[in-house]
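Subject: A structure for you to look at

Hi,

Here is the structure I promised to pass on to you. Have a look at it first, and then read my notes below.

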Amino acid sequence: MAASDPLSSPAVQTLLNETSLTGNWVLDSSRSKVELNTRHTWGLRPVQGVFREISGMGTVSAAGEVSGTLKVAAASIDTKNNQRDKDLRSPRFFDVSRYPDITFTVDRITTGGDGVAVNGKLTVRDRTRPLGFPVRLSVLGVNEVVLDG
């Protein structure tokens, strides 16, 4: 089933204010994807991959506040190159034996102008950094929303 058209920032804010999204939400990992897109060490070739194991949950409070967590199994990286995947899993990069998960903790969703952004903290290995990124939010039905970003 395809998502409806992405909602405008005011429409998302209205949904949050009217409590129609209030409750606990669970990520459907069979229909979700976390990708890796970066440059090779020398910046000559793009490196693309996908993490095969992800899970997550979120909560929308009656006041319209949003929080949640996305967990990615670092060892599940798949760049379609076994040697590169082994290197990414090693202590040089993700160090999956010591840090099995990459996590993104959602602090809030902000709306403004025509945009919607998810804001939170990304933890890779032992480093946590603030991260915000734009998303498109669509409503499929009463119990299903799509975030695409």
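Two aromatic pairs turn up in this structure, which is a predicted model. A pair of aromatic rings is described by the distance of the centres and the angle of the planes. For Phe104 and Phe133, the ring centres are 5.5 Å apart and the planes meet at 50°, so this pair is tilted. Planes over 60 degrees apart would have counted as edge-to-face, and those under 30 degrees as stacked.

Where do Phe104 and Phe133 lie? Phe104 belongs to strand β7 (residues 101-112) and Phe133 to strand β9 (residues 127-141), so the pair ties together parts that are 29 residues apart in sequence. Phe104 has 7% relative accessibility and is buried, while Phe133, at 29%, is partly exposed. The cut-off for buried is under 20%.

Leaving aside neighbours within four places in sequence, Asn119 is in contact with several residues, including Phe104, Asp107, Arg108 and Leu131.

Last, the sheet. Three strands form an open sheet in the order β2-β3-β6, with antiparallel pairing. Its edge strands are β2 (34-39) and β6 (77-78), each of which pairs on one side only. Strand β2 is joined to β3 (residues 46-51) by six bridges, and the two run antiparallel. To see this pairing for yourself, look for Arg39, which stands opposite Pro46 in β3.

Enjoy exploring!

Best wishes

Definitions and conventions. Residues numbered from 1 in each chain as written. Predicted model: local features only at pLDDT ≥ 70, side-chain atom pairs only at ≥ 80, totals over all residues. Heavy atoms only, no water. Contact = heavy atoms within 4.5 Å. Pairing = 2+ DSSP bridges. Helix = DSSP H or I, 4+ residues; strand = E, 2+ residues; numbered from the N terminus. Phe/Tyr/Trp six-rings, centres within 6.5 Å; stacked < 30°, edge-to-face > 60°. Buried < 20%, exposed > 50% of the residue type's maximum accessible area, 1.4 Å probe, protein only.
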